[in-house]
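The model is shown first.

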Amino acid sequence: MSSALKCDMSSILKETDASRQCMDDNNYRKDMCASYFLKYKNCRKFWHAIMIQRRRDGVKPNMPTADERENILKSIGGTPY
């Protein structure tokens, strides 16, 4: 994982925290949290694809800033995950 992905991924962290909270709330029964895991996976996949495209296009930083991420999500009508 690149350092840009590690340092500025509040969206993924939000999904990670939700998954962990679900696990805590459901006595670590993974089957009860499948939707949270799916959101996390889709979130990570979405932002990773954005990061790859920005890298190909020579845009720095590879990961959009928080403001850019907010604008990206607004432009597509909310979170796709």
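## Terms and basis

Axes are lines fitted to C-alpha atoms, for helices over the stretch in contact, and angles run from 0 to 180 degrees between N-to-C directions. Helices (H or I, at least four residues) and strands (E, at least two) are DSSP runs, numbered from the N terminus.

The model is predicted: local features need pLDDT of at least 70, side-chain atom pairs count only at pLDDT 80 or more, and totals for chains, interfaces and linings use all residues. Residues are numbered from 1 along each chain as its sequence is written, and side-chain values use heavy atoms, with hydrogens and water left out.

## Chain

The chain has four helices and zero strands, in the order α-α-α-α from the N terminus. Of its 81 residues, 28% are buried (under 20% relative accessible area, 1.4 Å probe, protein chains only).

## Packing of H2 and H3

Helix H2 (residues 10–25) packs with helix H3 (residues 34–57) at an angle of about 165°, and their axes are 9 Å apart. H2 is therefore roughly antiparallel to H3 (an angle over 145 degrees).

Contact here means heavy atoms within 4.5 Å. H2 contributes Ser 11, Ile 12, Glu 15, Thr 16, Ala 18, Ser 19, Cys 22 and Met 23; H3 contributes Tyr 36, Phe 37, Lys 39, Tyr 40, Cys 43, Arg 44 and Trp 47.

Notes:
Angles under 35 degrees count as roughly parallel, over 145 as roughly antiparallel, 65 to 115 as roughly perpendicular and the rest as oblique. Buried means under 20% relative accessible area, exposed over 50%, partly exposed in between (1.4 Å probe, protein chains only).
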